[in-house]
Amino acid sequence: MKKKTLKLTRKIQLYVDLPTAEERKEALRKLYDWQNRAYRTANLMMSHLYVQENLKEFFYLSEGIQYKLAKEQIEKDGILQTSRMNTIYQVTSKRFKGKMPTNIISCLKADLYSTFKKNRDAFWRGERSLMNFKKDMPFPFSTEGMSKLIYDKDKKAYCFRLFKIPLKTYLGRDYSDKWKLLQRVTQGDLKLCTSHLQLKDGKTFWLAVFEMEKEKHNLNPAVIAEASLSLEHPIVAKVGNTRLQIGNKEEFLHRRLAIQAARKRAQVGATYSKSGKGRKRKLKAVDKFHQTERNYIHNRLHLYSRKLIDFCIQQQAGTLMLMDQEDKIGIAKEEGFVLRNWSYCQLITKIQYKAKKAGIEMIVG
C-alpha cells in the first residue's frame, strides 16, 4: 500500500535568542560541543555495528563456536546482554551521557541502525565502505527536545527552545514557503518530524522535516507520460499524441557559459586583487560567480521539473517514464563539454521529488 504522506526538508537559518553577547556565545559553545560529540557518537556507533555484523570473521581460529546476535535470555546461542539496537546506545551513553542530551543519542541510534541494515549486504560484499562522519555533520533531535514553537510578532520570527536554548528563525528571501509550513505546524495542521541542527561557517541551520499529505489530483495510472532528457531540449515529454518540449540548449547554456566566462576572467584577475586577508579576499569575486552559477542551475532545473509535472497533471498521467537515461548518461560521460555543463542526475532527482509529491509513479528506464 502506497504511503499517503511524504516528508519535506527545509533549511532554515537560526539565531540564538538571548539578550547579551556573552549569553549567546555560551549557548553557541554548547551547541558546538553537542555537534562535536554527535559526530564522535555516530562514528562509534557505526564501528560497533560493523564489528557485530562481522563477528564470525574473528572466530576463524576456533571451531564449533555457535553464536547469535541476540539477547542471551531470549535466544539459546545469544551473546548479547541486551538487544542489538540497544547495545550501541549503551556504549555511547556511558561515554557521553551528561555531556550531550540523550535525545540526540537516541535519534542517532535509530537513524544509523536503519541505515546500516539497509546497506548491510553492500558492506559485506565490499561494494560500499562505512560512512565516515565529519565534525560539521548535522545532529538529529526529535520534537521532544523542542518546546514552545510560536510566532513572535515583535521579533517577526518563529521562536522555540531546543533543550532549553532559545532560538529564533531567519527565513530570508524564501519567505512564503517556509513561513507557511511553520504556520501550519503551530496551527496543528502539519506534523514536525525528527530534524537536524547544523553549525557551519559561523552560521546555525535548522534542517526541519515536515510530514505532509501528498497532493491530490485526478490521475489515472493507466495514462503513461513518456519523457526523455537531452542537451538539445532539457525535457521532451509526450502523452499519446500530445507533445511538449521544455527549454532548449541555447536558453540553458547561453547564461551558464556567460557566467563561466566571467568566473574565468575573475580567476585571471585574482592575481592582482588587493591582499590583506589571504586567499579568501583574493578569490571573493571567483567564489561569487561560482555561487551565481549554482543558483542559476538550481533555478532552471526546478523550473523544468515543475513544468514536466504540471504537464503530467494536466494530462491526468498517473505514471511517468524517463526513457533511455542510462545510455544518455553514458554519452554525457564521454563528452567532456556535455558532462560539465549539463546536470542529468540533479534534474532526475528534482523530477522524482516533485512526482512523489504529486502522487505520480515514476519509472526510470
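How many bridges join strand S11 to strand S14, and in which sense do the two run? I looked this up first: five bridges join S11 (residues 220–229) to S14 (residues 317–322), and the strands run parallel. I take two strands as paired if DSSP finds at least two bridges between them. Helices (H or I, at least four residues) and strands (E, at least two) are DSSP runs, numbered from the N terminus.

I note that this is a predicted model, in which local features need pLDDT of at least 70 and side-chain atom pairs count only at pLDDT 80 or more, while totals for chains, interfaces and linings use all residues. Residues are numbered from 1 along each chain as its sequence is written, and side-chain values use heavy atoms, with hydrogens and water left out.

I found Ala225 opposite Leu320 in S14. The open sheet has the order S13-S12-S11-S14-S15, with mixed pairing. Its edge strands are S13 (242–246) and S15 (361–364), each of which pairs on one side only. I read an average twist of 20° from one strand to the next. Angles run from 0 to 180 degrees between N-to-C directions, and axes are lines fitted to C-alpha atoms, for helices over the stretch in contact.

Entry: helices on the sheet.
Helix H7 (residues 284–314) packs on the sheet and touches S11, S12 (235–239), S13 and S14. Its direction makes about 5° with that of S12. Contact here means heavy atoms within 4.5 Å. Helix H10 (residues 344–358) lies across S11, S12, S14 and S15, running at about 155° to S15.

I then checked helix H5 (residues 249–269) against H7: the axes come within 8 Å and cross at roughly 170°. The two are therefore roughly antiparallel (over 145 degrees; under 35 is roughly parallel, 65 to 115 roughly perpendicular, the rest oblique). The residues of this contact divide into 10 nonpolar, four polar and six charged. Ala, Val, Leu, Ile, Met, Phe, Trp, Tyr, Cys and Pro count as nonpolar, Asp, Glu, Lys and Arg as charged, and the others, Gly among them, as polar. The H5 side includes Phe252 and Ile259, and the H7 side includes Phe289 and Tyr296.

Entry: strand S10.
Is S10 (residues 203–213) largely enclosed or largely open? Eight of its 11 residues are buried, so the strand is largely enclosed by the rest of the structure. Buried means under 20% relative accessible area, exposed over 50%, and partly exposed in between (1.4 Å probe, protein chains only). I counted 10 bridges joining S1 (residues 5–16) to S10, antiparallel. S9 (residues 195–200) joins S10 by five bridges, also antiparallel. Leu207 in S10 stands opposite Lys11 and is the bridge partner of His196. S9 and S10 form a hairpin with two residues between them, and Asp201 in the turn has a positive phi of about 55°.

Entry: Thr169.
Thr169 sits in strand S7 (residues 165–170) and counts as buried at 7% relative accessibility. Beyond its neighbours within four places in sequence, Thr169 contacts residues including Leu14, Tyr158 and Trp206.

Entry: aromatic pairs.
The structure holds six aromatic pairs. Rings of Phe, Tyr and Trp (its six-membered ring) pair if their centres lie within 6.5 Å; planes under 30 degrees apart are stacked, over 60 edge-to-face, the rest tilted. Tyr15 and Tyr170 are edge-to-face, 6.1 Å centre to centre with 65° between the planes. They lie 155 residues apart, in S1 and S7. Tyr15 is partly exposed at 41% relative accessibility, and Tyr170 is partly exposed at 45%.
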